[in-house]
Amino acid sequence: MILDGRALSQQRLEILKEKIQEAGISPHLATIIVGSDPGSRMYVRMKHKACEQVGIHSIGLELLESSLTDELIRRVRMLNEDPDIDGILIQLPLPVHIDSHQVLEAVSPAKDVDGFHTHNIGSLVAGMPGLTPCTPTGIMTILSDYHIPVAGAHAVVIGRSIDVGKPMASLLINADATVTVCHSKTSDLSYYTRHADIVISAAGRPKLITAGMIRPGATVIDVGINHVDGVLCGDVDFESVLEVAGAITPVPGGVGPMTIATLMENTYRAAMDACRPAQ
Ligand code: NAD
């Protein structure tokens with residue numbers, strides 16, 4: 001079975017559009033991009049387009065590559081204080097001279113629709129409610145919407161980054177999976193993947209996962225975004241793994257669209273929370 005993230009994301013966006021209309025709210029998302037990297041600009045455009053599709057108002061701040069950490073933090077604080085703004089997204093990666101951690105920590109946790117603030121990461125690890133990172137949350141939605149059992153399953157997460165691998169492991173633990181996290185220093189990666197019911201690869205290494213590494217019938221989620229000879233591909237050798245896996249996400253058209261759909265859902269959640277009277 002091919003797990004069609006593109007189709008699923010469209011369904012989710014349609015449902016969200018109705019929810020926003022029914023709630024009679026008008027969520028606002030602000031994006032900040034620094035510099036002119038074409039890839040980052042494309043992602044931001046896609047996010048604004050999704051906003052338009054569901055009825056989220058969006059504004060985009062474009063800052064010069066030469067902008068400094070303090071300048072960015074000042075902009076973030078202005079957005080934090082703006083009652084019209086529900087969500088703030090800082091497009092990563094930031095230029096190397098900017099302290100990304102400081103900038104992400106400046107975002108109000110209530111408006112942190114990327115779920116990268118340590119407050120939200122702490123809530124996730126503690127199993128408390130909060131905004132959770134879009135890519136791993138989108139993957140959980142794929143698993144649940146395709147009825148792939150997670151509770152009791154052995155899930156192997158490849159990658160331990162703060163935006164994908166670590167929150168992915170936490171979400172799976174919170175959903176009662178048995179989780180193994182592998183990374184660049186793991187020796188004999190295939191030993192772990194061969195014993196997995198679910199393999200989630202977020203390494204950014206083309207053809208890292210081959211058919212011999214997958215237990216027949218297992219679910220394979222490919223987070224990787226790689227360019228080989230100008231062609232977009234994931235971490236998984238798709239054609240060969242398709243023969244053994246029970247379910248698999250393609251690249252493109254798998255995890256990527258669900259990341260954007262989840263960003264829209266997080267913005268809606270942030271807007272709904274902002275409407276609730278303070279306790
Ligand atoms: P990262 O570079 O921060 O982390 C990569 C992780 O993979 C590291 O923890 C590293 O230890 C591990 N790794 C690298 N080589 C390995 C190997 N040979 N064996 C085992 N582990 C290995 O990257 P990231 O931000 O976590 O992103 C990972 C990939 O996912 C990238 O290709 C990125 O472009 C992609 N990505 C896709 C989406 C999406 O929406 N589809 C979102 C975020 C990231």
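**Notebook: pockets in the predicted model**

I looked up the second largest pocket and found that α10 gives the most to its lining, with five residues. My model is predicted, so I note the limits: local features need pLDDT of at least 70, side-chain atom pairs count only at pLDDT 80 or more, and totals for chains, interfaces and linings use all residues. Residues are numbered from 1 along each chain as its sequence is written, and side-chain values use heavy atoms, without hydrogens and water.

Terms: a pocket is an open set of points on a 1 Å grid over the protein atoms alone, where a 1.4 Å probe fits, with protein on both sides within 12 Å along at least five of seven lines; lining residues have an atom within 4 Å of a point. Volume is the space filled by probe spheres set on the points, which are joined across faces, edges and corners. Helices (H or I, at least four residues) and strands (E, at least two) are DSSP runs, numbered from the N terminus.

**Second largest pocket**

I read a volume of about 280 Å³. I listed 16 lining residues, with R12, T137, E265, N266 and R269 nearest the centre. α1, α6, α7 (165–174) and α10 each supply at least two of the lining residues.

**Largest pocket**

I then read the largest pocket, at about 1,400 Å³. It has 48 lining residues; Y43, I225, G256, T259 and I260 are the closest to its centre. Elements giving two or more residues include α1 (5–23), β3 (87–90) and α10 (255–275). α2 gives the most, with nine residues.
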